[in-house]
Amino acid sequence: MTEFHSVRAFAREEPRIELIEATLRSLLALVELEFEGQPVQVDGFRLRNLEDWRTARETSLQLNLGSLSTTCNCRCEFCYEQGNPPGLFETEPRFVGVQEARVRRKYLHDGRGLAHESKSSFEPLTNPRFFDLMRLMREDDPEQLIELITNGALLSEELIVRLAELKPIWINVSLNSSDAAVRGRIMGDRRFGQAVRVPEILRSHEIPFMGSLVPWPEQGLDDLVRTIEYLDAHEARTTRVAMPALTRHHPRYSPTALREWLPAVKDRVEEVRRGIRTPVLISPFTYVTSSLDAVVEGVIRRSPADVAGLEIGDRLLAIDDRQVVSRAHASSLLAKAQPSGRVALEIGRDDAAFDVVLQEPAPGLDVYPYRPRDYRRLDFPGMLFGLCLPGSFHLSYVKRIYEKILAREAKRVLVLVSSHFREVVADLLAGLPLSSGAELELLVPENRFFGGDVDIGDLWVLEDIVASVRAHAREAGLPDLLVMPDSFLSRWGRDLLGVPYTELETVLGLEVALIPCERILV
Amino acid sequence: MREPEHSDDYVWHFKLQDADLVAGEDDALTEMVRQQISALLRCLTFTSDGRDVRVTGFRFLDDPSREHLLLPSLADAESSELE
């Protein structure tokens with residue numbers, strides 16, 4: 001049976017497929033195609049020479065394949081995918097097949113791969129060819145770290161043994177609860193006992209992992225704490241507490257439920273994380289603080305930072321003799337030092353300051369879970385040398401905003417900002433030396449498309465921005481320059497619905513300047 | 001015309017939506033041009049002497065007195081139906 005791909009699913013990452021479809025459609029309304037003088041009925045098209053479609057800037061087969069499955073074997077009460085607005089993604093379940101994967105592998109070279117779709121990301125182990133796909137990824141690159149995100153329900157010991165043969169592999173286990181009954185209740189996991197054993201089995205097979213939890217009122221705070229301690233006892237490399245946010249479409253959304261629960265979660269997590277060794281990071285970290293200070297929020301076991309005796313709460317004052325001005329700056333300096341495997345730090349602790357040198361472990365040494373034997377790299381942004389530095393606002397963004405304002409000679413500037421960074425950005429922009437008569441205002445667009453508790457800028461869509469700017473203009477008049485981050489747009493400047501940002505200029509009748517910004521991942 | 005070079009490759013198939021042109025005030029030929037320009041503008045920005053040009057419509061060379069407007073696809077959340 002012919003498998004059709006959705007034009008819309010490609011619109012964000014390879015919009016020229018949409019252009020071809022629109023062009024063909026507009027032509028077929030006026031002409032009929034022929035073959036040897038006879039009309040030919042056409043109802044679709046296919047990509048011709050795949051070499052022409054190597055347009056994705058990717059180096060790993062895993063990234064090029066994207067989500068292996070768009071279906072799940074659990075029914076988590078807090079699952080954000082259940083709250084997706086209608087029409088956001090294709091609803092037909094789709095599994096990446098081995099034939100597609102082989103062809104993608106064939107055309108993946110020189111930093112380019114075949115164009116890929118936007119699709120929802122569910123449980124990869126539900127793909128019937130899951131292990132074949134994993135093996136293909138390993139064959140494609142014997143040293144590439146393979147990252148697997150799973151709820152663990154199908155992760156049997158037998159499968160873990162097979163996965164161990166594919167090292168280096170890194171697993172993010174969405175455990176949520178270490179109590180099988182709680183897991184069964186809040187996740188709808190019918191094989192709940194299996195998942196609870198996963199951390200212990202991964203540890204015994206020296207596969208490093210991260211534990212993930214979405215705190216949920218029906219789980220209770222005590223179970224949350226027990227789960228964090230359970231992950232620590234089994235030497236999770238890190239634990240992520242992902243604060244839930246339900247859209248207005250989510251069947252369990254109610255306006256106040258999470259607002260009352262989450263402050264208590266934050267307090268308990270802050271309390272428990274200081275007494276254990278596995279770093280516990282609340283995500284998004286702006287929920288904890290909007291401060292840009294370079295404070296260590298966790299130290300990975302047996303990492304260079306751990307060996308040197310660094311602790312949660314230590315302040316990074318200087319890195320390789322350069323004064324640290326912010327957390328993002330510290331991450332950038334650590335990234336520069338990382339290839340040498342050595343970095344010199346000046347640390348502030350309480351009222352004292354001291355110097356330490358961090359040295360990466362020798363190759364071949366087993367320092368589980370920081371970097372087990374056979375792992376060349378296990379470095380993620382914000383975790384170099386074992387120091388956990390959650391993502392934050394970069395001071396360089398302010399410079400970029402200022403440069404755009406000067407280049408456009410704008411007099412009335414409206415800067416869009418996520419609610420998570422509003423205060424920080426307001427403080428930083430207040431110090432800009434604007435030209436005489438120039439005005440600058442901040443606006444936090446309301447996320448109406450997703451609605452509910454969703455308030456992060458990375459989930460804006462352009463129609464939200466149109467509505468918010470128009471509402472603002474009714475009081476304050478239209479600006480002549482709209483400055484906004486690009487972190488919610490694809491590299492083609494398209495939002496989640498595939499709409500290009502250039503339409504904002506037409507619809508609102510003003511200039512738009514994009515500020516390149518990183519997404520907050522940790 | 002080039003033939004596909006790898007006939008044993010996995011094939012990416014796409015369906016065409018119905019090809020009816022919704023003719024408003026304009027004729028079908030004008031609508032065809034409008035759709036193609038609109039589709040192009042979703043992928044690129046026209047430039048003139050290095051500066052971006054915001055295109056909101058077009059004129060046929062045989063009838064320069066008449067402007068045909070392009071209709072952006074961007075919806076306004078205020079006017080879209082909220083639950």
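Modeller: Chain A has 16 helices and 17 strands, where helices (H or I, at least four residues) and strands (E, at least two) are DSSP runs, numbered from the N terminus. This is a predicted model, in which local features need pLDDT of at least 70 and side-chain atom pairs count only at pLDDT 80 or more, while totals for chains, interfaces and linings use all residues. Residues are numbered from 1 along each chain as its sequence is written, and chains are lettered from A and ligands numbered from 1 in the order in which they are written.

The whole chain comes before the part. The C-alpha atoms of chain A fill a box of roughly 80 × 65 × 50 Å, taken along the principal axes. A compact globule of 522 residues would have a radius of gyration near 24 Å, and the 25 Å of chain A agrees with this; the radius is taken over C-alpha atoms, and the globule rule is 2.2 Å times the number of residues to the power 0.38. Of the 522 residues in chain A, 42% are buried, a residue being buried if 20 or more other C-beta atoms lie within 10 Å of its own, exposed if 12 or fewer, and partly exposed in between, with C-beta atoms placed from the backbone. Among the contacts in chain A with a separation of 6 or more, 74% join residues 24 or more positions apart; two residues are in contact if their C-beta atoms, placed from the backbone, lie within 7 Å.

Now to the sheet that you asked about. It is an open sheet of 5 strands in chain A, with the order β5-β6-β7-β8-β9 and parallel pairing, where two strands pair if DSSP finds at least two bridges between them. Its edge strands are β5 (146-150) and β9 (280-283) of chain A, each of which pairs on one side only. On average, and with direction ignored, neighbouring strands of this sheet are turned by 20° against each other. Within the sheet, strand β6 (residues 169-174) and strand β7 (residues 209-213) of chain A pair in the parallel sense over 4 bridges, and the bridge partner of Ser174(A) in β7(A) is Ser212(A). Helix α9 (residues 221-233) of chain A packs on the sheet, touching β7, β8 (238-242) and β9 of chain A, and its direction makes about 180° with that of β7(A); such angles run from 0 to 180 degrees between N-to-C directions, and axes are lines fitted to C-alpha atoms, for helices over the stretch in contact.

The loop between α8 (192-204) and β7 of chain A holds Ile207(A), which is buried because 23 other C-beta atoms lie within 10 Å. Leaving aside neighbours within four places in sequence, Ile207(A) is in contact with Ile160(A), Leu163(A), Ala164(A), Ile169(A), Ile171(A) and Leu202(A). Ile207(A) and Val161(A) are 46 residues apart in sequence and 9.8 Å apart in space, C-alpha to C-alpha. Arg162(A), by contrast, lies in helix α6 (residues 157-164) of chain A and counts as partly exposed, with 13 C-beta neighbours inside 10 Å. The C-alpha atoms of Arg162(A) and Val325(A), 163 residues apart along the chain, are separated by 46 Å.

Elsewhere in chain A, the axes of helix α4 (residues 98-106) and helix α5 (residues 130-140) come within 10 Å and cross at roughly 10°. The two helices, α4(A) and α5(A), are therefore roughly parallel to each other, the term for angles under 35 degrees, whereas those over 145 count as roughly antiparallel, 65 to 115 as roughly perpendicular and the rest as oblique.

Strand β1 (residues 4-5) of chain A and β1(B) pair in the parallel sense over 2 bridges, with His13(B) in β1(B) as the bridge partner of Phe4(A).
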